[in-house]
Amino acid sequence: MSAPVGGPSLARLEQLTTLGLLAFAFAWLAGFWNYSKWLACIGFVAIALGYAAVLAIEFVAVKFINASDPVPQPSWWELIRAWAGECITAPRVFCWRQPFFSNAVPDHLDAATVNRQQRGAVLIHGFVCNRGLWTPWLEQLKADGHAFVAVNLHPVFGSIDDYAPTIEHAVQQVIDATGMPPVLVCHSMGGLAARAWLRTVPLGAEAQRVHHIITIGTPHGGTWLGRFSHGHNGRQMRLKCDWLTDLRVHAQERVRFTCWYSNCDNIVFPASTATLVGADNRHLPGVAHVAMAFQAQLMQQSLAIIRS
């Protein structure tokens with residue numbers, strides 16, 4: 001499956017951002033080196049690692065916004081460790097995999113290498129991401145012989161409802177390759193996209209289209225940070241917004257859901273908004289939003305659902 005326009009355009013945007021910041025940082029370093037080595041180094045670090053300060057603000061917000069949430073409260077030490085982990089994971093995703101290697105592992109639908117005795121998967125990324133997010137998952141799925149499609153959702157800032165045809169096409173591709181309905185693995189907004197797609201499936205036909213839906217840090221109930229977004233899909237993730245209320249009336253209990261959430265999720269909080277009534281809600285304490293997608297326990301248990 002070729003990547004839709006939204007995938008490459010986001011990759012190009014992230015390439016320009018990454019290379020632009022690096023160029024600015026090195027230009028600062030060179031420009032101030034003879035004047036003041038301390039100023040040159042401090043400026044270089046501030047430009048190259050400025051994102052870490054933004055992340056730190058998010059984790060401080062998590063501490064206070066989660067205070068009234070029923071999930072176990074994280075300590076400051078847990079939040080610091082989660083912040084440190086996210087400072088390592090985020091650039092790997094947004095400055096390396098997504099901009100430069102989003103198609104490093106192509107979709108796996110080849111009849112010669114797909115094991116038709118095993119269930120396939122559709123992987124759905126979240127907000128301002130592309131299929132490159134899933135590279136470690138795709139490598140493992142391919143090694144195990146599973147068919148899979150990792151979608152690119154586009155337009156990047158469009159309505160979540162508009163992603164349904166892309167998901168439907170991916171689901172059909174995996175069914176054609178395996179003869180079985182796939183497991184959907186969704187990170188962040190991708191879980192909402194899966195639910196938006198699910199309500200387009202005719203009532204009673206769900207079991208023929210999807211076996212299980214796994215969501216990772218999905219703002220099923222919205223997120224506090226949604227108030228700062230002005231994009232269409234960002235507004236759809238605001239707490240208690242009309243779109244989420246309407247989505248809830250289409251009962252997700254038509255299929256099995258496993259929802260992973262964390263008390264240190266720096267994007268989706270209050271933390272309980274990442275859970276669903278009637279789902280198998282699994283708490284991962286002390287793990288940040290992007291890092292959650294690669295947490296060993298989560299990956300092992302989720303891959304086990306696909307293998308079952």
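Visitor: How far is the sulfur of C41 from the closest cysteine sulfur, and in which residue is that sulfur?
Guide: This is a predicted model. In it, the closest cysteine sulfur to that of C41 lies in C87, 20 Å away, which is too far for a bond.

Visitor: And what about the sulfur of C264, where is its closest cysteine sulfur?
Guide: It is also in C87, at 13 Å, and that separation is too far for a bond. A disulfide requires the two sulfur atoms to be within 2.5 Å.

Visitor: How many disulfides does a search of the whole structure find?
Guide: The search returns 0 disulfides.

Visitor: Is C264 buried or exposed?
Guide: C264 counts as buried, with a relative accessibility of 0%. C41, by contrast, is partly exposed, and its relative accessible area is 35%.

Visitor: Changing topic: at what angle do the axes of α5 and α12 cross?
Guide: They cross at roughly 40° and come within 12 Å. Helix α5 covers residues 135-143, and helix α12 covers residues 296-307. The two are therefore oblique to each other.

Visitor: Is that crossing left-handed or right-handed?
Guide: The crossing of α5 and α12 is right-handed.

Visitor: Which residues make the contact?
Guide: From α5, the contact uses P136, W137, Q140 and L141. From α12, the residues are L298, M299, S302, L303, I306 and R307.

Visitor: How many of them are nonpolar, polar and charged?
Guide: The contact of α5 with α12 comprises 7 nonpolar, 2 polar and 1 charged residues.

Methods:
Residues numbered from 1 in each chain as written. Predicted model: local features only at pLDDT ≥ 70, side-chain atom pairs only at ≥ 80, totals over all residues. Heavy atoms only, no water. Axes fitted to C-alpha atoms, helices over the stretch in contact; angles between N-to-C directions. Helix = DSSP H or I, 4+ residues; strand = E, 2+ residues; numbered from the N terminus. Parallel < 35°, antiparallel > 145°, perpendicular 65-115°, else oblique. Left-handed = near helix turned anticlockwise from the far one by under 90°. Contact = heavy atoms within 4.5 Å. Nonpolar A, V, L, I, M, F, W, Y, C, P; charged D, E, K, R; others polar. Buried < 20%, exposed > 50% of the residue type's maximum accessible area, 1.4 Å probe, protein only.
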